[in-house]
Amino acid sequence: MILNGPNLNNLGKREPEIYGKDTLSDIIEYTKEETKSLGVEIEAYQSNHEGEIIDLLYRARDEKFDGVVINAAAYSHYSIAIRDAIASVEIPCVEVHLSNIHARDEFRHKSVISAVCVGMISGFGKLVYP
């Protein structure tokens, strides 16, 4: 499962100098193509709502997904609720960010979800997904 958080539905229009010109649909299609040869099936979701992201994490657990790639966007920096959901689902979650969060505003340097994810990839644009 790929989960995308707030404002990522505006990729391609939103600050392309930071996030690139690809839309979220472009990124998901690219990821599906890149993982096809591995036999990986992807379900991708985007929500601007914290509770919906949490519900999708529990769905990933209940439906026995092998793992979650999560770009929680701004929620990465302050959502204890998403952090707690990731910790409780007990399936591997990888945190991703299109931009290098450590080279941006200081408030973006800390991620509250990284401690409960198996890893984080940031700063490589759409290449962080597959």
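Predicted model: local features only at pLDDT ≥ 70, side-chain atom pairs only at ≥ 80, totals over all residues.
Helix H2 spans residues 24–36 and comprises 13 residues. From its first C-alpha to its last, H2 reaches 18 Å, close to the 18 Å expected at 1.5 Å a residue. Leu24, Ile27, Ile28, Thr31 and Thr35 are the buried residues of H2. These residues lie on the same side of H2, because the arc that they cover around the axis is only 95°. Strand S1 (2–4) and strand S2 (44–46) are included in what covers the buried residues of H2. The exposed residues Ser25 and Lys36 are carried on the face of H2 that is turned away from its buried side.

Within helix H2, Thr31 has a relative accessible area of 1% and is therefore buried, the cut-off being under 20%. When neighbours within four places in sequence are left aside, the contacts of Thr31 are Ile2, Ile42, Tyr129 and Pro130.

Tyr129, one of these contacts of Thr31, is located in the segment after strand S5 (119–122). With a relative accessible area of 4%, Tyr129 is likewise buried. Apart from neighbours within four places in sequence, Tyr129 is in contact with Ile2, Asn4, Leu8, Ile27, Thr31, Val69, Asn71, Val96 and Leu98. Among these contacts of Tyr129 are Ile27 and Thr31, which also belong to the buried residues of H2. A separation of 19 Å is found between the C-alpha atoms of Tyr129 and Glu15, which are 114 residues apart along the chain.

Helix H4 (residues 80–89) has the buried residues Ile82, Ala85, Ile86 and Val89. Because they cover an arc of only 100° around the axis, they are placed on the same side of H4. The cover over the buried residues of H4 includes helix H3 (50–62), S3 and strand S4 (93–97). H4 is followed by Glu90, which is found in the loop between H4 and S4.

Most residues other than glycine have a negative phi. Glu90, a residue other than glycine, has a positive phi near 55°. The relative accessible area of Glu90 is 73%, and this residue is therefore exposed, the cut-off being over 50%. Asn7 is not a glycine either, and its phi is positive at about 75°. Asn7 occurs in the loop between S1 and helix H1 (16–19) and is partly exposed, with a relative accessible area of 37%.

The largest pocket contains about 350 Å³ of space. It is lined by 16 residues, of which Met1, Val40, Glu41, Ile42 and Gly67 are the closest to its centre. H2 and strand S3 (68–71) are the elements that give two or more residues to this lining. By class, the lining of the largest pocket consists of 10 nonpolar, three polar and three charged residues. Ile42, one of the residues closest to the centre of the largest pocket, is also in contact with Thr31.

For the second largest pocket, the volume is about 170 Å³. Its lining is formed by 15 residues, and those nearest its centre are Tyr19, Ala73, Ala74, Arg104 and Arg108. Seven nonpolar, five polar and three charged residues make up the lining of the second largest pocket.

Technical notes:
Residues numbered from 1 in each chain as written. Heavy atoms only, no water. Helix = DSSP H or I, 4+ residues; strand = E, 2+ residues; numbered from the N terminus. Expected span 1.5 Å × (residues − 1). Buried < 20%, exposed > 50% of the residue type's maximum accessible area, 1.4 Å probe, protein only. Arc of directions from axis to C-beta. Contact = heavy atoms within 4.5 Å. 1 Å grid on protein atoms, 1.4 Å probe; cavity = no way out; pocket = protein on both sides within 12 Å on 5 of 7 lines; lining within 4 Å. Points joined across faces, edges and corners; volume = space filled by probe spheres on them. Nonpolar A, V, L, I, M, F, W, Y, C, P; charged D, E, K, R; others polar.
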